[in-house]
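Please keep the sequence and the model in view while reading.

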Amino acid sequence: FPRNPTIRWSYVATKFAQVLGSLFYAYYIFVRLCIPQFRNSSQETVNLRGLVLGIFNSILPGVLILFLVFFAFLHCWLNAFAEMLRFADRMFYK
């Protein structure tokens, strides 16, 4: 495997900061959009209208959290470890 001669610690710190920011943003989305939707669901009777509304109101927050998880893990986390292990595959086109 091609290797970089040095580790760019500022790049690693930036990627870990992005992971942390993604986690905080996912928590914010979960608390503001998901929890209020299902807070009173244990006290209400289950009907088709409530089920469909609950599903449709959870689609957007669920997709946002899914994108954040993909970004945080696949882009930030793995690139930070690739930089710490000095993999130069990312610099193929340079």
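The count of disulfides, taken as pairs of cysteine sulfur atoms within 2.5 Å, comes to zero. The structure is a predicted model, in which local features need pLDDT of at least 70 and side-chain atom pairs count only at pLDDT 80 or more, while totals for chains, interfaces and linings use all residues. Residues are numbered from 1 along each chain as its sequence is written, and side-chain values use heavy atoms, leaving out hydrogens and water.

Cys 34 counts as buried because its relative accessibility is 13%. Cys 76 is likewise buried, at 0%.

An unreviewed UniProt entry lists residues 12-31 and 51-78 as "transmembrane region"; such annotations may be inferred rather than shown by experiment. In the model, residues 12-31 are 100% helix and 0% strand, with end C-alpha atoms 29 Å apart. Residues 51-78 are also 100% helix and 0% strand, and their end C-alpha atoms lie 38 Å apart. Helices here are DSSP runs of H or I with at least four residues, and strands are runs of E with at least two.

The largest pocket has a volume of about 380 Å³. The elements that give two or more residues to its lining are α1 (9-38) and α2 (48-84), and α2 gives the most, with six residues. A pocket is an open set of points on a 1 Å grid where a 1.4 Å probe fits, with protein on both sides within 12 Å along at least five of seven lines, and lining residues have an atom within 4 Å of a point. The volume is the space filled by probe spheres set on the points. Of the 16 lining residues, Gln 37, Ser 41, Glu 44, Gly 50 and Leu 51 lie nearest the centre of the pocket.

Terms used: Buried < 20%, exposed > 50% of the residue type's maximum accessible area, 1.4 Å probe, protein only.
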